[in-house]
Amino acid sequence: MSRELRRRGAAPSREREAGEAVDPGAADSPAAVPGAPPLPVAVCTASPSLALLKYWGKRGGRKNLPATPSLAVSLEALKTTTRVRIADRDEVIVDGKPQDPERYAPFFAEARRLLGVEIRFHAESVNTFPAAAGLASSSSGFAALALACATLAASPAGGAPARRRAAAPSPARLSALARLGSASAARALFGGFVLLPAGGRFARQLAPADHWPELRILVAVVAEEAKELSSRVAMERTKTTSPYYRPWVRSAAAELPEAVEALMRRDLERLGGAMRRSYFRMFASMLACDPPILYWAPESLALIRACERLRAEGIGAWETMDAGPQVKVLCLAHELPRVRQRLEALGVRLIESRVGGPAEAHLEVS
Ligand code: PMV
(Lines give C-alpha, C1' and ligand atoms only; values in the text may rest on other atoms or scores of the structure.)
Protein backbone atom coordinates (compact mmCIF):
# COMPACT_ATOMS: atom_id res chain seq x y z
CA MET A 1 0.00 0.00 0.00
CA SER A 2 2.65 2.50 1.01
CA ARG A 3 4.50 1.85 -2.22
CA GLU A 4 1.26 2.26 -4.17
CA LEU A 5 0.53 5.64 -2.55
CA ARG A 6 4.07 6.79 -3.14
CA ARG A 7 4.03 5.68 -6.79
CA ARG A 8 0.65 7.16 -7.63
CA GLY A 9 0.91 10.23 -5.57
CA ALA A 10 3.88 12.11 -4.31
CA ALA A 11 6.25 11.04 -7.08
CA PRO A 12 4.78 12.23 -10.39
CA SER A 13 5.93 10.30 -13.43
CA ARG A 14 8.70 11.71 -15.64
CA GLU A 15 6.56 12.10 -18.73
CA ARG A 16 4.02 14.16 -16.79
CA GLU A 17 6.63 16.61 -15.59
CA ALA A 18 6.15 18.72 -18.64
CA GLY A 19 6.41 21.86 -16.52
CA GLU A 20 10.17 21.39 -16.09
CA ALA A 21 11.05 24.76 -17.57
CA VAL A 22 8.52 26.77 -15.57
CA ASP A 23 9.68 30.01 -14.02
CA PRO A 24 8.16 30.04 -10.51
CA GLY A 25 8.10 33.82 -10.43
CA ALA A 26 5.82 33.91 -13.48
CA ALA A 27 3.45 31.25 -12.23
CA ASP A 28 0.87 33.31 -10.37
CA SER A 29 -1.69 33.76 -13.10
CA PRO A 30 -3.73 30.76 -14.22
CA ALA A 31 -3.92 32.18 -17.75
CA ALA A 32 -1.06 31.04 -19.95
CA VAL A 33 0.94 33.96 -21.37
CA PRO A 34 1.72 33.46 -25.09
CA GLY A 35 5.25 32.14 -25.47
CA ALA A 36 5.65 31.59 -21.71
CA PRO A 37 6.46 28.12 -20.39
CA PRO A 38 3.42 26.06 -19.30
CA LEU A 39 2.23 26.27 -15.69
CA PRO A 40 2.15 23.10 -13.64
CA VAL A 41 -1.07 22.15 -11.86
CA ALA A 42 -1.15 19.24 -9.42
CA VAL A 43 -4.44 17.37 -9.50
CA CYS A 44 -5.39 15.03 -6.69
CA THR A 45 -8.48 12.91 -6.08
CA ALA A 46 -9.30 11.43 -2.67
CA SER A 47 -12.28 9.63 -1.16
CA PRO A 48 -13.65 10.48 2.28
CA SER A 49 -12.76 8.30 5.23
CA LEU A 50 -15.83 6.96 7.03
CA ALA A 51 -15.10 6.17 10.69
CA LEU A 52 -16.37 2.82 11.95
CA LEU A 53 -14.92 3.69 15.35
CA LYS A 54 -15.01 7.43 15.91
CA TYR A 55 -12.39 10.04 16.50
CA TRP A 56 -14.07 12.62 18.72
CA GLY A 57 -11.95 14.93 20.87
CA LYS A 58 -8.43 16.28 20.68
CA ARG A 59 -5.46 15.83 22.97
CA GLY A 60 -4.11 19.04 24.51
CA GLY A 61 -1.76 21.29 22.53
CA ARG A 62 -2.10 22.69 19.05
CA LYS A 63 -1.05 19.66 17.04
CA ASN A 64 -4.54 18.32 16.31
CA LEU A 65 -3.81 14.92 17.84
CA PRO A 66 -6.86 12.67 18.33
CA ALA A 67 -7.86 11.68 21.87
CA THR A 68 -9.52 8.47 20.66
CA PRO A 69 -8.42 5.84 18.16
CA SER A 70 -10.39 5.69 14.92
CA LEU A 71 -10.88 2.85 12.52
CA ALA A 72 -12.20 3.75 9.09
CA VAL A 73 -13.11 2.67 5.61
CA SER A 74 -12.60 4.64 2.39
CA LEU A 75 -15.78 5.47 0.43
CA GLU A 76 -15.12 4.80 -3.23
CA ALA A 77 -18.32 6.44 -4.56
CA LEU A 78 -17.58 9.90 -3.11
CA LYS A 79 -14.72 12.01 -4.43
CA THR A 80 -12.94 15.27 -3.76
CA THR A 81 -10.79 16.57 -6.61
CA THR A 82 -8.30 19.32 -5.79
CA ARG A 83 -6.21 21.30 -8.25
CA VAL A 84 -3.24 23.19 -6.84
CA ARG A 85 -0.98 25.72 -8.58
CA ILE A 86 1.67 28.18 -7.49
CA ALA A 87 0.35 31.61 -6.45
CA ASP A 88 1.51 34.70 -4.59
CA ARG A 89 -0.52 33.84 -1.49
CA ASP A 90 -2.12 30.74 0.00
CA GLU A 91 -5.76 30.45 -0.99
CA VAL A 92 -8.33 27.65 -0.86
CA ILE A 93 -11.67 27.52 -2.65
CA VAL A 94 -14.07 24.66 -1.90
CA ASP A 95 -17.02 24.13 -4.24
CA GLY A 96 -16.64 27.73 -5.41
CA LYS A 97 -16.49 29.24 -1.88
CA PRO A 98 -13.29 30.93 -0.63
CA GLN A 99 -12.24 29.43 2.73
CA ASP A 100 -11.00 31.18 5.87
CA PRO A 101 -7.19 31.50 5.40
CA GLU A 102 -6.60 31.12 9.16
CA ARG A 103 -8.02 27.62 9.10
CA TYR A 104 -5.39 26.64 6.55
CA ALA A 105 -2.38 28.60 7.85
CA PRO A 106 -0.82 25.85 10.06
CA PHE A 107 -1.31 23.34 7.26
CA PHE A 108 0.47 25.44 4.63
CA ALA A 109 3.28 26.42 7.01
CA GLU A 110 3.95 22.75 7.75
CA ALA A 111 3.60 21.81 4.06
CA ARG A 112 6.39 24.26 3.13
CA ARG A 113 8.60 22.99 5.95
CA LEU A 114 8.03 19.32 5.10
CA LEU A 115 8.41 19.77 1.36
CA GLY A 116 11.37 22.18 1.56
CA VAL A 117 9.73 24.89 -0.58
CA GLU A 118 8.91 28.59 -0.26
CA ILE A 119 6.04 28.75 -2.75
CA ARG A 120 2.45 29.75 -1.96
CA PHE A 121 -0.42 27.50 -3.01
CA HIS A 122 -3.73 28.24 -4.73
CA ALA A 123 -6.13 25.29 -4.32
CA GLU A 124 -9.54 24.70 -5.85
CA SER A 125 -11.46 21.75 -4.57
CA VAL A 126 -14.66 20.19 -5.90
CA ASN A 127 -16.73 17.54 -4.13
CA THR A 128 -19.12 15.10 -5.77
CA PHE A 129 -21.20 15.15 -2.56
CA PRO A 130 -22.50 17.78 -0.07
CA ALA A 131 -19.57 19.37 1.82
CA ALA A 132 -19.46 20.08 5.59
CA ALA A 133 -22.66 18.08 6.08
CA GLY A 134 -21.33 15.08 8.03
CA LEU A 135 -19.99 13.22 5.01
CA ALA A 136 -16.32 13.63 5.95
CA SER A 137 -15.54 16.18 3.21
CA SER A 138 -12.74 17.62 5.37
CA SER A 139 -11.06 14.20 5.43
CA SER A 140 -10.88 13.89 1.63
CA GLY A 141 -10.33 17.65 1.28
CA PHE A 142 -7.17 17.88 3.40
CA ALA A 143 -5.87 14.51 2.14
CA ALA A 144 -6.19 15.70 -1.47
CA LEU A 145 -4.64 19.05 -0.58
CA ALA A 146 -1.63 17.42 1.12
CA LEU A 147 -0.91 15.10 -1.78
CA ALA A 148 -1.49 17.82 -4.40
CA CYS A 149 0.89 20.23 -2.61
CA ALA A 150 3.52 17.48 -2.39
CA THR A 151 3.09 16.70 -6.08
CA LEU A 152 3.45 20.36 -7.07
CA ALA A 153 6.45 20.84 -4.78
CA ALA A 154 8.11 17.78 -6.35
CA SER A 155 7.92 19.38 -9.81
CA PRO A 156 10.89 21.52 -10.90
CA ALA A 157 8.65 24.59 -10.62
CA GLY A 158 8.18 23.90 -6.91
CA GLY A 159 11.70 25.12 -6.26
CA ALA A 160 12.64 22.37 -3.80
CA PRO A 161 16.28 21.29 -3.71
CA ALA A 162 16.91 18.38 -6.10
CA ARG A 163 17.50 15.88 -3.28
CA ARG A 164 14.09 16.75 -1.76
CA ARG A 165 12.42 16.27 -5.12
CA ALA A 166 14.08 12.90 -5.59
CA ALA A 167 12.81 11.65 -2.21
CA ALA A 168 9.05 12.16 -2.04
CA PRO A 169 7.67 12.43 1.53
CA SER A 170 6.62 9.06 2.92
CA PRO A 171 2.89 8.26 3.21
CA ALA A 172 3.28 8.59 7.00
CA ARG A 173 4.63 12.14 6.67
CA LEU A 174 1.91 13.14 4.24
CA SER A 175 -0.66 11.63 6.60
CA ALA A 176 0.78 13.72 9.46
CA LEU A 177 0.57 16.83 7.27
CA ALA A 178 -3.07 16.13 6.35
CA ARG A 179 -3.83 15.60 10.05
CA LEU A 180 -2.95 19.22 10.80
CA GLY A 181 -5.95 20.27 8.72
CA SER A 182 -8.36 17.63 9.94
CA ALA A 183 -7.46 14.50 11.93
CA SER A 184 -9.73 12.30 9.83
CA ALA A 185 -7.75 13.43 6.74
CA ALA A 186 -4.74 11.54 8.08
CA ARG A 187 -6.77 8.40 7.26
CA ALA A 188 -8.16 9.52 3.89
CA LEU A 189 -4.81 9.35 2.07
CA PHE A 190 -4.99 5.58 2.31
CA GLY A 191 -7.44 3.26 0.67
CA GLY A 192 -9.15 0.27 2.25
CA PHE A 193 -9.30 0.00 6.03
CA VAL A 194 -7.27 2.44 8.08
CA LEU A 195 -6.33 3.02 11.71
CA LEU A 196 -5.43 6.34 13.33
CA PRO A 197 -4.34 5.49 16.90
CA ALA A 198 -5.17 7.66 19.91
CA GLY A 199 -2.54 10.41 20.01
CA GLY A 200 -1.28 9.19 16.63
CA ARG A 201 0.57 11.61 14.34
CA PHE A 202 -0.29 9.57 11.27
CA ALA A 203 -2.62 6.82 10.15
CA ARG A 204 -1.76 3.46 8.63
CA GLN A 205 -3.58 1.01 6.46
CA LEU A 206 -4.68 -2.21 8.17
CA ALA A 207 -5.99 -3.88 5.01
CA PRO A 208 -6.41 -2.86 1.36
CA ALA A 209 -9.79 -2.44 -0.33
CA ASP A 210 -9.80 -6.01 -1.65
CA HIS A 211 -9.64 -7.38 1.89
CA TRP A 212 -13.44 -7.35 1.93
CA PRO A 213 -14.79 -7.22 -1.64
CA GLU A 214 -18.41 -7.99 -0.63
CA LEU A 215 -18.67 -5.04 1.74
CA ARG A 216 -21.01 -2.25 0.64
CA ILE A 217 -21.78 1.10 2.23
CA LEU A 218 -25.07 2.90 1.64
CA VAL A 219 -24.86 6.60 2.40
CA ALA A 220 -28.32 7.96 3.20
CA VAL A 221 -28.27 11.71 2.53
CA VAL A 222 -30.82 13.19 4.90
CA ALA A 223 -29.84 16.87 4.46
CA GLU A 224 -27.74 18.46 1.73
CA GLU A 225 -26.98 21.76 3.49
CA ALA A 226 -23.84 22.44 5.57
CA LYS A 227 -24.20 21.82 9.30
CA GLU A 228 -24.44 24.76 11.68
CA LEU A 229 -21.84 23.52 14.15
CA SER A 230 -18.46 22.36 12.82
CA SER A 231 -16.99 19.18 14.27
CA ARG A 232 -14.04 21.25 15.49
CA VAL A 233 -16.27 23.49 17.64
CA ALA A 234 -18.47 20.59 18.73
CA MET A 235 -15.46 18.53 19.84
CA GLU A 236 -14.08 21.38 21.87
CA ARG A 237 -17.44 21.92 23.55
CA THR A 238 -17.68 18.21 24.34
CA LYS A 239 -14.24 18.22 25.90
CA THR A 240 -14.79 21.31 27.98
CA THR A 241 -18.43 20.91 29.08
CA SER A 242 -19.52 17.27 28.85
CA PRO A 243 -19.28 15.17 32.04
CA TYR A 244 -19.25 12.14 29.73
CA TYR A 245 -16.19 13.18 27.75
CA ARG A 246 -13.64 11.24 29.83
CA PRO A 247 -15.75 8.05 29.98
CA TRP A 248 -16.19 8.35 26.21
CA VAL A 249 -12.42 8.54 25.63
CA ARG A 250 -11.83 5.56 27.95
CA SER A 251 -14.51 3.42 26.33
CA ALA A 252 -13.26 4.26 22.82
CA ALA A 253 -9.80 2.90 23.61
CA ALA A 254 -11.28 -0.29 25.10
CA GLU A 255 -13.37 -0.92 21.98
CA LEU A 256 -10.51 -0.96 19.49
CA PRO A 257 -9.11 -4.54 19.77
CA GLU A 258 -12.56 -6.12 19.31
CA ALA A 259 -13.32 -3.98 16.27
CA VAL A 260 -9.94 -4.60 14.62
CA GLU A 261 -10.29 -8.33 15.10
CA ALA A 262 -13.83 -8.32 13.68
CA LEU A 263 -12.61 -6.32 10.68
CA MET A 264 -9.69 -8.62 9.99
CA ARG A 265 -12.02 -11.64 10.22
CA ARG A 266 -14.63 -9.89 8.05
CA ASP A 267 -17.20 -10.49 10.78
CA LEU A 268 -19.84 -7.84 10.03
CA GLU A 269 -22.02 -8.65 13.02
CA ARG A 270 -19.19 -8.15 15.52
CA LEU A 271 -17.88 -5.11 13.70
CA GLY A 272 -21.40 -3.69 13.48
CA GLY A 273 -21.87 -4.08 17.24
CA ALA A 274 -18.63 -2.21 17.91
CA MET A 275 -19.61 0.49 15.39
CA ARG A 276 -22.93 1.07 17.11
CA ARG A 277 -21.37 1.32 20.57
CA SER A 278 -18.85 3.80 19.17
CA TYR A 279 -21.26 6.21 17.54
CA PHE A 280 -23.92 6.03 20.26
CA ARG A 281 -21.31 6.75 22.94
CA MET A 282 -19.87 9.59 20.89
CA PHE A 283 -23.34 11.14 20.64
CA ALA A 284 -23.99 10.47 24.34
CA SER A 285 -20.97 12.63 25.14
CA MET A 286 -22.37 15.38 22.86
CA LEU A 287 -25.89 15.22 24.28
CA ALA A 288 -24.44 15.95 27.72
CA CYS A 289 -22.72 19.19 26.57
CA ASP A 290 -23.71 22.64 27.77
CA PRO A 291 -25.47 23.71 25.59
CA PRO A 292 -26.29 20.23 24.25
CA ILE A 293 -25.33 19.17 20.73
CA LEU A 294 -27.80 17.23 18.61
CA TYR A 295 -26.93 16.53 14.97
CA TRP A 296 -29.75 14.06 14.33
CA ALA A 297 -32.81 14.75 12.19
CA PRO A 298 -36.11 12.82 12.38
CA GLU A 299 -35.04 10.92 9.23
CA SER A 300 -31.81 9.84 10.97
CA LEU A 301 -33.81 8.10 13.67
CA ALA A 302 -36.15 6.54 11.10
CA LEU A 303 -33.10 5.10 9.32
CA ILE A 304 -31.65 3.74 12.57
CA ARG A 305 -34.99 2.05 13.32
CA ALA A 306 -35.15 0.61 9.79
CA CYS A 307 -31.69 -0.96 10.29
CA GLU A 308 -32.84 -2.41 13.64
CA ARG A 309 -35.84 -3.99 11.93
CA LEU A 310 -33.69 -5.40 9.12
CA ARG A 311 -31.36 -7.00 11.66
CA ALA A 312 -34.33 -8.44 13.55
CA GLU A 313 -35.31 -10.11 10.24
CA GLY A 314 -31.81 -11.57 9.89
CA ILE A 315 -30.42 -9.03 7.38
CA GLY A 316 -27.08 -7.51 8.37
CA ALA A 317 -27.58 -3.72 8.06
CA TRP A 318 -25.25 -1.88 10.46
CA GLU A 319 -25.49 1.88 10.64
CA THR A 320 -23.20 4.64 11.84
CA MET A 321 -23.37 8.46 11.94
CA ASP A 322 -20.95 11.38 12.15
CA ALA A 323 -21.20 15.10 12.88
CA GLY A 324 -24.34 15.57 10.81
CA PRO A 325 -27.73 13.94 10.21
CA GLN A 326 -26.60 11.52 7.47
CA VAL A 327 -26.70 7.78 8.15
CA LYS A 328 -24.22 5.33 6.61
CA VAL A 329 -25.16 1.67 6.51
CA LEU A 330 -22.75 -1.24 6.07
CA CYS A 331 -24.04 -4.49 4.57
CA LEU A 332 -22.90 -7.31 2.31
CA ALA A 333 -23.43 -7.25 -1.48
CA HIS A 334 -25.93 -10.10 -1.56
CA GLU A 335 -28.20 -8.31 0.95
CA LEU A 336 -27.82 -4.89 -0.62
CA PRO A 337 -31.04 -4.95 -2.73
CA ARG A 338 -33.21 -5.63 0.34
CA VAL A 339 -31.44 -3.03 2.46
CA ARG A 340 -31.70 -0.50 -0.36
CA GLN A 341 -35.37 -1.13 -0.88
CA ARG A 342 -36.17 -0.68 2.82
CA LEU A 343 -34.18 2.53 3.19
CA GLU A 344 -35.46 4.00 -0.09
CA ALA A 345 -39.00 3.64 1.24
CA LEU A 346 -38.09 6.38 3.75
CA GLY A 347 -37.68 8.86 0.90
CA VAL A 348 -33.98 9.64 1.38
CA ARG A 349 -31.32 9.83 -1.33
CA LEU A 350 -28.99 6.84 -1.23
CA ILE A 351 -25.43 6.70 -2.53
CA GLU A 352 -24.08 3.20 -2.90
CA SER A 353 -20.36 2.66 -2.35
CA ARG A 354 -17.71 -0.02 -2.32
CA VAL A 355 -14.50 0.24 -0.35
CA GLY A 356 -12.26 2.84 -1.99
CA GLY A 357 -8.58 3.03 -2.92
CA PRO A 358 -5.86 5.52 -1.95
CA ALA A 359 -5.65 9.18 -2.92
CA GLU A 360 -4.07 9.66 -6.35
CA ALA A 361 -2.30 12.63 -7.90
CA HIS A 362 -0.64 13.68 -11.12
CA LEU A 363 0.80 16.80 -12.66
CA GLU A 364 -0.80 18.66 -15.58
CA VAL A 365 0.22 21.78 -17.39
CA SER A 366 -2.08 24.65 -18.22
O1 PMV B 1 -11.57 15.26 11.21
P2 PMV B 1 -12.78 16.10 11.56
O3 PMV B 1 -12.39 17.30 12.31
O4 PMV B 1 -13.62 16.41 10.37
O5 PMV B 1 -13.68 15.23 12.55
C6 PMV B 1 -14.26 14.00 12.20
C7 PMV B 1 -15.23 13.59 13.22
C8 PMV B 1 -16.11 12.41 12.88
O9 PMV B 1 -16.43 12.38 11.51
C10 PMV B 1 -17.42 12.54 13.66
C11 PMV B 1 -15.49 11.08 13.29
C12 PMV B 1 -14.37 10.55 12.43
O13 PMV B 1 -13.53 9.82 13.00
O14 PMV B 1 -14.33 10.79 11.22
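Two strands pair if DSSP finds at least two bridges between them, and strands (E, at least two residues) and helices (H or I, at least four) are DSSP runs numbered from the N terminus. In this predicted model, an open sheet of 6 strands with mixed pairing has the order β6-β5-β7-β4-β1-β14. Because the model is predicted, local features need pLDDT of at least 70 and side-chain atom pairs count only at pLDDT 80 or more, while totals for chains, interfaces and linings use all residues. Residues are numbered from 1 along each chain as its sequence is written, and side-chain values use heavy atoms, with hydrogens and water left out.

**Nonpolar cores**

- In soluble globular proteins, nonpolar side chains tend to be buried together.
- A nonpolar core is a set of buried Ala, Val, Leu, Ile, Met, Phe, Trp, Tyr and Cys residues joined through side-chain atoms within 4.5 Å, where buried means under 20% relative accessible area, exposed over 50% and partly exposed in between, for a 1.4 Å probe and protein chains only.
- The largest nonpolar core has 81 residues, and those with the most contacts inside it are W56, F107, L145 and V339; its largest share, 11 residues, comes from helix α3 (residues 137-153).
- Leaving aside neighbours within four places in sequence, L145 is in contact with T82, V84, Y104, F107, F108 and A123.

**Cavities**

- The structure holds 3 cavities of 30 Å³ or more, a cavity being a set of points, on a 1 Å grid over the protein atoms alone, where a 1.4 Å probe fits but cannot get out, with lining residues having an atom within 4 Å of a point.
- The largest cavity has a volume of about 60 Å³, a volume being the space filled by probe spheres set on the points, which are joined across faces, edges and corners.
- Residues lining the largest cavity include L53, K54, P69, W248 and R281, and the elements that give two or more residues to this lining are α8 (245-264) and α9 (268-287).
- The largest share of that lining, 4 residues, comes from α8.

**Residues in loops**

- S155 lies in the loop between α3 and α4 (162-166), and this residue counts as buried because its relative accessibility is 1%.
- Not counting residues up to four places away in sequence, S155 touches P40, R165 and L363.
- The peptide bond from D290 to P291 is cis, with omega near -5°, and P291 has its place in the loop between α9 and α10 (298-312).
- N64, in the loop between β2 (49-53) and β3 (70-74), has phi near 60°, a positive value in a residue other than glycine, and is buried, with a relative accessible area of 8%.
- A136, in the loop between β7 and α3, has phi near 60°, a positive value in a residue other than glycine, and is partly exposed, with a relative accessible area of 25%.

Terms used
Contact = heavy atoms within 4.5 Å. 1 Å grid on protein atoms, 1.4 Å probe; cavity = no way out; pocket = protein on both sides within 12 Å on 5 of 7 lines; lining within 4 Å.
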